[in-house]
Amino acid sequence: MLKKYTFHVTGTHCASCKILIEDILKEQDFVKNARVDLKKEIVEIETDNNQDAEEVATFLTNKLKPNNYILSVEKRLIEKENDLSAQADDVIWKAIPIGLVFLALFFLLQKSGILNLGIGGKTTPATSFIIGLIASVSSCLAIVGGLVLSLSAKVSQDNVSDKKNFILFHLGRLFSFAILGGTLGLAGNAIGINFTFTAILGIAASLVMLLLGFNLLGLFAKNKVTFPSGIFQKVFSVFRKIEHKTFTPLLVGFGTFFLPCGFTQSMQVAALGSGSLLSGFLIMFAFALGTLPMLLLLSFGPASFAHSKHAPLFFKSAGVVVVGLGLFALLAGLAGLGIINPLFNV
Amino acid sequence: MNKTVLIIITLGLIVVMGIIFTGESDSESAQNNIEIRNGIQYITINAKGGYSPGISAAKAGIPTKLIVKTESTYDCSAALVIRSVNFQKILPQTGETEIDLGIPKAGEPLQGICGMGMYSFQINFGN
C-alpha cells in the first residue's frame, strides 16, 4: 500500500532545485512518486515503505546532503530564518555602497588615462604580455572579468567546489588564444572578426552577468522564478548535464577569444599582421598570459570568502559589482550595435 | 552602521558615478581640428583611450574626409565603427586612416563609436 509523506525542505535556492530533488528522490527504489513545491518549500513523496516519517526524512536527507538540501518533518528554523532575513536586509544596505565604491574606482581608473600607456613599436610577445596586464584591468574587465566573477561567486555561494572547472576554463582560454593567434598569423587576413558578431556575444555575456548578479543579490530568492514545466525543464536538465562535462569550461574559455574587447581585437590584428604561425601564436599566448593573474584572482578569490563570516556581505557586494558591470556592458553593446545612442564616454 | 547613513552614502556614490559617466574626458571641442585644403575639408580625430575631440563642428556641403590618428592605440578606440558611411575597421596601432565622408548635409551629424560601444565621437555639420 502506498503511503504519503510531506516534508519540509530547506536549501532550495533555485528553480532547477525542484528538478534536481525530484530526480534524486525518484532514484530511490522505495519512492514511487515525488513532488517538490518550491513556494511552500515542501516535498511530497509516495512510498510503499512502512518506516515512520522521521526515519524516511533522515534517510532521504542523507541522499540529498551532497547538494545541500535537508528534509525534515517539522518546519525548521522558522525563527532563525526571520532573523536571517532581517540580517540580510542590513547586509544589502552595506553591500550596495561597497559595490558602488568598487565600480566608481574601476570607472575612475578608466577615465584617468593611466591605462593609455604608450607602448610603441612592433608588437612582440613581451609587449603583448604587458598589454594583456593592462587589458585585464581595463574596460575589458567589465565583460570577461565580470563574467568570471559572477560565475565564480555563484559557484562558491552554491558551495560547489569547482576548482577543476576554472582551471579548465583558463587552460581553454590560454590554448585557444594561442592556437587561434597562430591561425590568424598563418592565414594572413582570411578571417575577419565581425564586429556585429562580437557585439551580440557581448550582449549575451552581459545578460548572463545581470542574471547571476541579481541571483547573488538574492533578488530571486524570495519569489523563486519557477519555469513552467515541459520544455523549460528539459532545457534545464540538458543544461545541468552539460554543466558537468569537461568540455564546457574549455569551450567557454575558447569563446572569450570572440568577446568584445578592444585590446583583444588589436592583438588579433597584430597576430594577423605578424605573418607567421609562430609569431601569431606567441603574441596571442603572451596576451592571454598577461590577462591571467587578474582573472585567476577573480576565479579563486570568492572561494576563500565563501566560508568566512563576511560571506553574505561579500556575495552581495559582488552582486552589486556584477550587476553594475553587466548594465555597463549591455548599454555599451547596444550602443555598439547602433541600437541606442551612446550614453557615456568612459 | 546606521541604515540612514548607508543610504546617504549610496546616494552620494550614485551622484559620483553620474559625474564620472557624463563628464567629458577633456573638453577639446574648441580645438582646431578642421582644415580646408584644395577644396577638401579634413577633420582630424585622435583615437587613443577614447576619441578627441568628442564633438566637432564642421562645414556641410563640401567634400569631406575624416582622418583618424592612432598612436600605439590598443584599446577599444582602435575598433572604429561609423555606421552612416558603413565603415567598420580595426585601425592600425599607429598611423592615420583616411575615411571619405562624401559631401555631408547640414543637420545630419556623423557619429563614430568603438566596437564595444564605450567611446564615441560626433561631428556636427552646419552651414
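1. Strand E1 covers residues 34-37 of chain B and strand E2 residues 40-47, and the pair is antiparallel over 4 bridges. B:Arg37 has B:Ile40 of E2(B) as its bridge partner. Here strands pair if DSSP finds at least two bridges between them. Do keep in mind that this is a predicted model: local features need pLDDT of at least 70, side-chain atom pairs count only at pLDDT 80 or more, and totals for chains, interfaces and linings use all residues. Residues are numbered from 1 along each chain as its sequence is written, while chains are lettered from A and ligands numbered from 1 in the order in which they are written.

2. What else does E2(B) pair with? Strand E3 (residues 51-52) of chain B joins E2(B) in the antiparallel sense over 2 bridges, with B:Tyr51 as the bridge partner of B:Ala47. This hairpin has 3 residues between its strands, and B:Gly49 takes a positive phi near 55 degrees. With strand E5 (residues 64-70) of chain B, E2(B) pairs in the parallel sense over 7 bridges; B:Asn46 has B:Lys69 as its bridge partner in E5(B).

3. Stepping back, chain B has 1 helix and 10 strands, where helices (H or I, at least four residues) and strands (E, at least two) are DSSP runs numbered from the N terminus. Of the 127 residues in chain B, 34% are buried, that is, 20 or more other C-beta atoms, placed from the backbone, lie within 10 Å of their own. Among contacts in chain B with a separation of 6 or more, 53% link residues 24 or more positions apart; contact means C-beta atoms, placed from the backbone, within 7 Å.

4. For chain A, an unreviewed UniProt entry annotates "transmembrane region" over several spans, including residues 91-109 and 250-271. Such annotations may be inferred rather than shown by experiment. Residues 91-109 of chain A are 100% helix and 0% strand, with end C-alpha atoms 27 Å apart. Over residues 250-271 of chain A the figures are 73% helix, 0% strand and 22 Å.

5. Finally, the contact between the chains takes 40 residues from chain A and 40 residues from chain B. Helices H3 (78-112), H7 (195-217), H11 (262-274) and H13 (311-336) of chain A each supply at least two residues of the side that touches chain B. H3(A) gives the largest share, 11 residues.

Key:
Buried ≥ 20, exposed ≤ 12 C-beta atoms within 10 Å, placed from the backbone. Contact = placed C-beta atoms within 7 Å.
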